[in-house]
Amino acid sequence: MYDTLKAHIVQRFGESEQRRIKKLLQELELGDMRPSQLLREMRKLDGNGMNDAMLKLVWLNRLPPDVRSIISISREPLGKVACLADKILEARDGPQLHAASNAVSSVPNHTLTQQIEQLSKEITILKSRVSSQSRNRNRSSLRNRPQTPQSTAETCWYHFKFGDNAKKCRPPCTKSLN
Ligand SMILES: [Zn+2]
């Protein structure tokens, strides 16, 4: 039904008006507007080209489905229906939520995205820094470990370190000097 109406409207208005009509039918979204505000914007764009019944159909099409289903039953004049839609949306979302969503949307979206990207970059840098630090710590602890060979019960320090080339020997040792 909506598509038929759209075709009818596009047909009815001249080529010059099609862009305006297209905006009215396709680009105008509820967004942060109240339903009554949206209706006013539509009326402005329409410029009395459509009767209220047509306008109502276009306007309803932009409302959230649950609100639309309640509103579409109403036989009240379009202006009153718009007020009703405002109230339903307000009752559903609450005025606080609307205020909050306005505050959020006043921060440009790309800034938020940039901040998130920046944060994840910093986390990546921090992660690599931490892992390289722990690597260094392992390496330095290896370096700091005493390099002097430990003599065992069977082998003295000299034989342990120099093997058969040992020039000295210290008891107790099972090996002998050459
Ligand atoms: Zn020895």
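Select Cys156 first: this residue counts as buried because its relative accessibility is 3%, where buried means under 20% relative accessible area, exposed over 50% and partly exposed in between (1.4 Å probe, protein chains only). The model is predicted, so local features need pLDDT of at least 70 and side-chain atom pairs count only at pLDDT 80 or more, while totals for chains, interfaces and linings use all residues. Residues are numbered from 1 along each chain as its sequence is written, and side-chain values use heavy atoms, with hydrogens and water left out.

Next, select His159, which is also buried, at 3% relative accessibility. Then display the zinc ion. Its protein donors are Cys156 (SG), His159 (ND1), Cys169 (SG) and Cys173 (SG), at 2.0 to 2.4 Å. Donors are N, O and S atoms within 2.8 Å of the metal (3.2 Å for Na, K and Ca); water is not among the atoms, so sites may look incomplete. Along the sequence, the donor residues follow the spacing C-x2-H-x9-C-x3-C. The angles among the 4 donor atoms are 105 to 115 degrees, and the site is tetrahedral (four donors with all angles between 85 and 135 degrees).

Now turn to the aromatic rings. The whole structure contains 2 aromatic pairs; rings of Phe, Tyr and Trp (its six-membered ring) pair if their centres lie within 6.5 Å, and planes under 30 degrees apart count as stacked, over 60 as edge-to-face and the rest as tilted. Trp157 and Tyr158 are edge-to-face, 5.1 Å centre to centre with 90 degrees between the planes. Trp157 and Phe162 are edge-to-face as well, at 6.3 Å and 80 degrees.

Technical notes: Tetrahedral: all angles 85-135°; square planar, octahedral: opposite > 155°, others 65-115°.
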